[in-house]
Amino acid sequence: MSLAIAVASYGEAATSQQTAPTPRETSQRISTQVHIDTAESGLVFGGVGAISGGGGNSRLLIDYPPAQRDQILDYLFKPGYGAALQILKLEIGGDANSTDGSEPSVEHTRGAVNCNAGYEFWLAEQARLRNPNIKLYGLAWTAPGWIDYGSNFWSKDTIDYLMTWMGCAQSHGLKIDYLGGWNERGFNKLWYEDLHAALAAKHYATQVVGDDSDWDEAKEMVKDVGFASSIDIVAAHYSCEGGDGGNANHCHSTPEALATHKPLWDSESGSQDDNSGTGPLIRAIIRGYVDAKMTGFLNWPLVAAITANLPYPTVGLMVASQPWSGNYSIGTSLWATAHVTQFTQPGWQFLNSASGYLDGDRANGSYITLKSPDGAEYSTIIETAAAKEPSLLTFSVSGNPATKPVQVWATNIDGNSDHDFFVHLPELNADGTGRYQFKLLPGYVYTFSTVTGAGKGTATAPPPGELRLPYSENFEGYQVGQEARYLSDMQGSFEIQRCAAGRPGKCLQLMDSMKPIEWQDDSDAFTLLGDPSWENYTLSVDAILTKPGTVELIGRAGIQERPQSHQQGYYFRVSDTGSWSLFKTDTHGKHTDLAQGSVTSIGVGSWHTYRLSFNKDQITAYIDAEKVTALSDIPFQTGQIGLGFLDYDTDQFDNLSITPTSRQ
């Protein structure tokens with residue numbers, strides 16, 4: 001059977017692709033013929049997924065109202081509904097910032113294990129609830145400070161820690177299919193061999209991924225059989241043109257990587273806006289295979305569940321920055337992902353003879369074809385994201401799939417309406433001549449598949465809205481070890497614990513008594529909360545120092561640039577000696593002193609109340625009932641609040657309140 005597929009005339013909407021083309025339209029200048037032979041064998045498809053981590057980018061998702069939270073999770077993981085992700089990569093938290101925040105460790109101090117820390121296991125449970133076949137992948141960016149006394153990630157301590165994390169995953173009923181080393185920090189051959197042996201000793205059926213950096217490990221693998229045997233999947237990051245945030249017009253691996261005869265994965269790509277990054281996302285998948293024979297693909301990140309003042313606020317498959325309103329948005333990137341995931345499964349095979357570039361020219365677009373293991377189904381995914389003119393595509397199909405109707409789905413990458421994305425067009429059936437004609441428009445993603453059952457979710461989000469003041473938190477409504485609602489840790493880990501120094505009830509505690517092993521630059525330990533649009537308010541909180549150190553309050557915390565120390569805002573710091581300072585910091589990390597002084601020593605082991613107030617250009621600070629400064633400054637007019645400590649120890653906060661102020 002011969003199958004010719006052509007899309008409607010240039011300029012017409014994808015939803016109108018129902019009529020036969022004119023003779024002029026069947027003689028396009030750009031024309032491609034593809035033969036699909038399902039008897040062909042090819043490399044095994046590892047899957048398409050996304051990354052929750054690197055870091056803190058999923059933080060606010062768990063705080064969404066249940067109805068909207070379920071809708072978001074369905075769009076990400078539910079088969080036949082949205083992205084239908086096949087792999088979920090989880091950060092193994094280490095209490096230090098790994099891009100957009102700090103994810104908590106399950107073992108802040110050696111031997112004290114909390115398998116319910118954070119939200120990554122919860123997220124994995126939700127993903128697996130929706131798709132029992134999803135693959136899970138763990139990777140560390142940072143590590144708690146007790147590991148080799150904070151000096152060396154590549155240590156036995158780290159392997160022991162990873163085995164503890166694996167045990168925690170198992171206690172949640174989760175099987176970890178893949179485990180990596182240290183994100184984007186290269187490799188240590190002996191460490192990987194020890195990791196492989198540790199997994200075998202624990203009888204975990206988990207494949208080791210190395211090295212989540214670049215292809216350099218492959219150079220050693222082809223020379224060292226022992227090292228090669230410890231790596232199951234060879235993985236690099238941003239292996240397409242432009243790297244992090246690039247255009248992905250070309251992708252590459254290396255001769256050594258191919259010579260390992262292991263699966264090659266692009267285990268992190270993306271880093272682009274959920275809409276404008278759609279073209280590079282789909283090219284990285286298609287051209288990642290065509291150019292480099294990569295077979296697994298993970299987008300960073302899964303979702304931008306962070307407030308809009310943090311780095312990468314719209315990067316991911318969705319944006320979910322307002323748990324208080326329930327508002328979220330779906331990126332075009334999610335629908336481009338669905339063009340692959342809803343029509344394939346890990347274990348399918350790529351067909352080399354039916355994958356390539358339209359008319360042999362990458363400027364026209366690219367395509368891949370995969371078949372099911374039994375050869376009964378096939379799917380061809382095509383992108384014309386950067387094409388300048390339409391093209392004619394003609395298939396010929398061998399084997400049983402040739403008799404099946406073809407499902408056709410289309411996404412207009414530059415569309416501005418839900419009706420432009422993941423549109424199900426009429427299926428294609430053979431006429432008397434056994435031919436179909438369809439013309440591909442520029443700026444689209446298409447799927448032609450014999451697979452049925454794909455679908456598009458219909459849930460809609462409520463409108464956005466501000467988090468209204470007053471806002472208060474006494475930390476009583478949580479289990480010990482939980483994170484408090486809306487608090488996003490930037491450095492260190494803040495969890496609910498029993499209050500110190502005889503105070504009844506529960507408090508917010510910094511859990512780190514040692515500086516963690518970091519992934520990006522150092523800063524004080526702090527956490528942010530609230531709406532970036534807040535303007536005039538008073539922040540009040542009780543705090544206790546358990547050893548000599550410094551309490552920190554942040555107000556009008558606006559834009560943060562990397563690293564997290566480049567946090568715009570006003571800082572009020574009070575040390576145990578009673579010395580205090582008020583200063584501001586911009587997005588370059590520049591400190592400008594505004595006021596300083598001292599009061600009677602606050603000491604350690606006792607509770608005190610601190611206040612920082614903003615009313616238009618007036619800033620006032622208090623220690624207990626004493627006003628220590630009042631001044632005028634205007635550069636930063638809106639922002640969140642923040643709480644922190646300069647020194648790592650188990651210090652605490654309680655009775656947080658943010659109340660509106662008005663100018664007198």
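In which strand does I554 lie? I554 lies in strand β28, where strands are DSSP runs of E with at least two residues and helices are runs of H or I with at least four residues, both numbered from the N terminus. The model is predicted, so that local features need pLDDT of at least 70 and side-chain atom pairs count only at pLDDT 80 or more, while totals for chains, interfaces and linings use all residues. Residues are numbered from 1 along each chain as its sequence is written, and side-chain values use heavy atoms, with hydrogens and water left out.

I554 is buried, with a relative accessible area of 0%; buried means under 20% relative accessible area, exposed over 50%, and partly exposed in between, with a 1.4 Å probe and protein chains only. Leaving aside neighbours within four places in sequence, I554 is in contact with F526, L539, Y570, Y571, L612, Q640, I641 and G642, contact meaning heavy atoms within 4.5 Å. I554 and I413, by comparison, are 141 residues apart in sequence and 41 Å apart in space, C-alpha to C-alpha.

Strand β28 (residues 550-557) pairs with strand β31 (residues 569-575) in the antiparallel sense over 6 bridges, and two strands count as paired if DSSP finds at least two bridges between them. Within this pairing, L553 has F572 of β31 as its bridge partner. Both strands belong to an open sheet of 7 strands, in the order β23-β26-β37-β28-β31-β32-β33, with antiparallel pairing. The edge strands, β23 (488-491) and β33 (591-598), each pair on one side only. Neighbouring strands of this sheet are turned by 20° against each other on average, direction ignored.

**The closed barrel**

A closed barrel of 8 strands runs β3-β4-β5-β6-β7-β8-β9-β10, and its pairing is parallel. Here neighbouring strands are turned by 25° against each other on average, direction ignored. Strand β4 (residues 87-92) is joined to β5 by 6 bridges, the two running parallel, and K89 has Y137 of β5 as its bridge partner. Helix α3 packs on the sheet, touching β4, β5 and β6, and its direction makes about 130° with that of β4.

Strand β5 (residues 135-140) also pairs with β6 in the parallel sense, over 3 bridges, and A140 has W182 of β6 as its bridge partner. Because 5 of the 5 residues of strand β6 (residues 178-182) are buried, this strand is largely enclosed by the rest of the structure.

**Helix packing**

Two helix pairs are set side by side below; axes are lines fitted to C-alpha atoms, for helices over the stretch in contact, and angles run from 0 to 180 degrees between N-to-C directions.

| Helix pair | Angle | Axis distance |
|---|---|---|
| α3 (156-171) and α4 (189-201) | about 35° | 10 Å |
| α1 (66-77) and α2 (120-130) | roughly 65° | within 10 Å |

The contact of α3 with α4 is made by T158, I159, L162, M163 and M166 of α3 and by W191, D194, L195, A198 and L199 of α4. By class, this contact has 8 nonpolar, 1 polar and 1 charged residues, where Ala, Val, Leu, Ile, Met, Phe, Trp, Tyr, Cys and Pro count as nonpolar, Asp, Glu, Lys and Arg as charged, and the others, Gly among them, as polar. In the other pair, R69, D70, L73, D74 and F77 of α1 meet W122, L123, Q126, A127 and R130 of α2, and this contact divides into 5 nonpolar, 1 polar and 4 charged residues.

**Nonpolar cores**

The largest nonpolar core has 116 residues, and those with the most contacts inside it are F77, L88, M163, L195, L302 and I368; such a core is a set of buried Ala, Val, Leu, Ile, Met, Phe, Trp, Tyr and Cys residues joined through side-chain atoms within 4.5 Å. A second, separate core of 46 residues includes F494, I496, L510 and L529.

**Backbone details**

A cis peptide bond joins G54 and G55, with omega of about -20°, and G55 lies in the loop between β3 (47-52) and α1. Another cis peptide bond joins L469 and P470, with omega of about 5°. A84, although not a glycine, has a positive phi of about 45°; A84 is found in the loop between α1 and β4 and counts as buried at 9% relative accessibility.
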